[in-house]
Every structure is written in structure tokens, then in C-alpha cells.
Amino acid sequence: MTKKKIERLSINHSREINWLRWYFLRDKKNPKKTVLEQKIHEAFLKGNSEEAAFLTNLRNTTEEYTDKSDKLLLKTIKEVYVYRNINVIGACQKILHKSPSPAYSQINDWFDDYVLATYKHIPLSK
């Protein structure tokens with residue numbers, strides 16, 4: 001049986017969805033920080049500079065990318081994938097005011113561009 005569009009999108013971009021959840025959601029142990037900020041802090045405490053550098057890059061990239069993103073599309077992505085308050089079809093109608101097919105396409109393009117943006121700060125090896 002073929003998967004629905006929402007299932008395919010969630011599977012294809014599950015890593016990026018987790019990153020967004022880390023970026024927007026508060027840490028349960030330390031609510032003053034986001035999950036991502038807490039992970040960065042813990043990586044520095046462990047002395048794991050590679051992980052800390054990756055997570056810091058991820059935070060900076062996510063901040064830049066979400067700041068320049070379309071606000072309604074970002075609100076849709078947050079409501080559906082981060083906070084899980086509504087499904088995609090409901091968000092398409094309520095927030096984006098679009099039918100599902102163009103909305104899925106727009107969301108998928110956003111995630112594809114987000115993936116590319118995360119590689120922006122990675123130095124190329126010589």
C-alpha cells in the first residue's frame with residue numbers, strides 16, 4: 001500500500017523535523033533553554049567540540065532560514081510538525097488557504113531548501 005503524502009514527507013524529512021522540534025520546543029529539564037540550546041550546552045560540557053559545532057551551526061542556520069521564510073508557511077510547519085496541533089490538510093485550509101496538493105508541494109520545497117541551507121556553513125575540504 002502506498003503511503004500518504006504526509007507520511008512520505010514525515011519520513012523523508014524526519015531528521016529536519018526533529019531539528020525544528022529541538023529549535024522551537026523548550027527543554028523539559030531546563031525550560032529557560034530550547035532543546036537545541038541545552039544540547040549545545042551539554043556538548044560543550046562533555047568537551048565534544050564537533051557535536052557542539054554541528055549543533056551551533058544548526059541553530060544559526062535554522063534561525064536565519066526561519067527568519068527569511070514565509071510567515072504563514074512557517075506557522076503551518078510549526079503547527080503541523082513541531083507542535084503537532086493540526087494535520088496538514090487542516091493547516092492548508094486554515095492557515096495557508098490552499099488546497100492540499102500545492103501546499104504539500106510548498107512544504108516539501110521548504111524542507112528541501114532547509115536541508116541545503118544547513119550545509120551552507122560546512123567548510124569544503126581541500
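Modeller: A salt bridge is a side-chain nitrogen of Lys or Arg within 4 Å of a carboxyl oxygen of Asp or Glu. Keep in mind that this is a predicted model.

Biologist: What makes the contact between Glu16 and Arg15 a salt bridge?

Modeller: Their side chains meet at 2.8 Å, N to O. The cut-off is 4 Å, so the pair qualifies. A search of the whole structure finds 1 salt bridge. In general, side chains of opposite charge can pair when their charged atoms come close.

Biologist: Why is Glu16 called buried?

Modeller: Its relative accessible area is 2%. Buried means under 20%, so Glu16 is buried.

Biologist: Why does Arg15 count as partly exposed?

Modeller: Arg15 has 40% relative accessibility. Buried needs under 20% and exposed needs over 50%. The value for Arg15 lies in between, so the label is partly exposed.

Biologist: Now a residue in helix α3, Gln38. How do you know whether Gln38 is buried or exposed?

Modeller: Gln38 has a relative accessible area of 11%. That is under 20%, therefore Gln38 counts as buried.

Biologist: Which residues does Gln38 touch, not counting residues up to four places away in sequence?

Modeller: Asp27, Asn30 and Lys33. Each has heavy atoms within 4.5 Å of Gln38, so each counts as a contact.

Biologist: What makes a set of residues a nonpolar core?

Modeller: The members are buried residues of listed types, such as Leu, Ile and Trp, joined through side-chain atoms within 4.5 Å. The largest nonpolar core here has 30 residues. Leu20, Ile77, Tyr81, Trp110 and Phe111 touch the most other members. Helices α2, α3, α4, α5, α6 and α7 each supply at least two residues. The largest share, 7 residues, comes from α7 (100–118). In general, nonpolar side chains in soluble globular proteins tend to be buried together.

Biologist: Which residues does Ile77 touch, leaving out those up to four places away in sequence?

Modeller: Leu20, Val82, Ile107, Trp110 and Phe111.

Biologist: How many helices and strands does the protein chain have?

Modeller: The count is 7 helices and 0 strands. From the N terminus on, the elements run α-α-α-α-α-α-α.

Biologist: What about the protein chain as a whole?

Modeller: Of its 126 residues, 37% count as buried. The protein chain exposes about 8,200 Å², with carbon and sulfur atoms supplying 53% of that. Take the contacts with a separation of 6 or more: residues 24 or more positions apart account for 56% of them.

Technical notes. Residues are numbered from 1 along each chain as its sequence is written. This is a predicted model: local features need pLDDT of at least 70, side-chain atom pairs count only at pLDDT 80 or more; totals for chains, interfaces and linings use all residues. Side-chain values use heavy atoms; hydrogens and water are left out. Buried means under 20% relative accessible area, exposed over 50%, partly exposed in between (1.4 Å probe, protein chains only). Helices (H or I, at least four residues) and strands (E, at least two) are DSSP runs, numbered from the N terminus. Accessible areas come from the Shrake-Rupley method with a 1.4 Å probe; for residues, only the protein chains shown count as cover.
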